[in-house]
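Please consult the structure below before turning to the text.

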Amino acid sequence: MTYAIHGATGAQGTPVVAALAAAGRTVTALTRNPDAVVPGAQHVVAAGYSSAADLTDAYRGAEGIFVHLPVASEEDRQTYAHNILTAVREARPDRVVFSTSGFPIDPAIGGAAANLAAGLADSGVSHAVIAPELYLENLLMPHVIGSVRERGVLPYPIRADFPVSWASHLDIADAAVALLDRTDVTGVVSVGQYPAITGPDLAEAFGARLGRDVVFDQITAEEFRTSMAPLIGDGPAADIAGAYQAMNAMPGRSIAPETSAQKLLGVTPRTTSQWLADIGL
């Protein structure tokens, strides 16, 4: 039996592969490049989200699957979600763990992540949904961390008083590995710091780590879009900027303690300071 990990060379999949390997599990890395070298994986399989047949082959006989939807156009993400569900229903892996990557899964809002979560719930396959809010790794984008280092300013498109249960990809990996084992835990598991923290709290943690004063600066969603577009493309950047624009009308993005990894799994996400130390910043 093996664990098939999507995006095994990417930001979310890499730490999941590493954590499973450290636990002595057999890992199949699912990538777009069959020649990729993936430390910790015993097998590397080219299985793209665009082929339900490839995914079915990759999922068949798997003890567990870790999946998340990549940053792409919503049309592509809908196609990917459909193909994943087709493969899950056909291959019937023992367990599926899906990370929403912070995208909404409320059926009333809709979207690819919501469709994938609903489809897994209807599939009859054991599953759990990891629901983070915002990723600490977003703060490592060149225009963000560069400003912190060069100017002592942490720019981000949220209000200074906007509380967020930030999580890191390392925290997602911890939760994913636990959920691949804990088949008794199903449904949504919220992953993130609790209580939630604000932008100035983030800036204080960066300042303490770097040994200098760092202040938080609320930038506009449009400024964020302009900075991201060269990294991820105009379409995905516009979609993400739109999400941040809508976010400004919300009171915050805090996890619910009753569905938290802390309560359901006994897994406590890193503080910002712990995360900065773990990544060696």
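The model is a predicted one, in which local features need pLDDT of at least 70 and side-chain atom pairs count only at pLDDT 80 or more, while totals for chains, interfaces and linings use all residues. Residues are numbered from 1 along each chain as its sequence is written, and side-chain values use heavy atoms, with hydrogens and water left out.

**The sheet.** Seven strands form an open sheet in the order β3-β2-β1-β4-β5-β6-β8, and their pairing is parallel. Strands here are DSSP runs of E with at least two residues, and helices are runs of H or I with at least four, numbered from the N terminus; two strands pair if DSSP finds at least two bridges between them. Because β3 and β8 each have a single partner strand, they stand at the edges, and one side of each is left without a neighbour in the sheet. On average, neighbouring strands are turned by 20° against each other, direction ignored. Strand β6 pairs with β8 in the parallel sense over five bridges, and P132 has V191 of β8 as its bridge partner.

Helix α2 (residues 52-59) packs on this sheet, touching β1, β2, β3 and β4, and its direction makes about 145° with that of β1. Contact means heavy atoms within 4.5 Å. Angles run from 0 to 180 degrees between N-to-C directions, and axes are lines fitted to C-alpha atoms, for helices over the stretch in contact.

| Strand | Residues |
|---|---|
| β1 | 3-6 |
| β2 | 27-31 |
| β3 | 43-46 |
| β4 | 64-68 |
| β6 | 127-132 |
| β8 | 187-191 |

**The helix pair.** Helix α8 (residues 221-232) packs against helix α9 (residues 234-247) at about 150°, with their axes 8 Å apart. This makes α8 roughly antiparallel to α9, a term for angles over 145 degrees. Residues in the contact include F224, R225 and M228 of α8 and I240, A241 and Y244 of α9.

**Buried positions.** T272 lies in helix α11 (residues 272-278). With 4% relative accessibility, T272 counts as buried, meaning under 20% relative accessible area (1.4 Å probe, protein chains only). Leaving aside residues up to four places away in sequence, T272 touches L136, Q193, I197, L202 and A205.

In helix α5 (residues 142-151), the buried residues are V144, I145, G146, S147 and V148. Their cover includes β7 (153-156) and α7 (199-210). Just after α5, G152 adopts a positive phi of about 70°.

Definitions and conventions. Angles under 35 degrees count as roughly parallel, over 145 as roughly antiparallel, 65 to 115 as roughly perpendicular and the rest as oblique. Buried means under 20% relative accessible area, exposed over 50%, partly exposed in between (1.4 Å probe, protein chains only).
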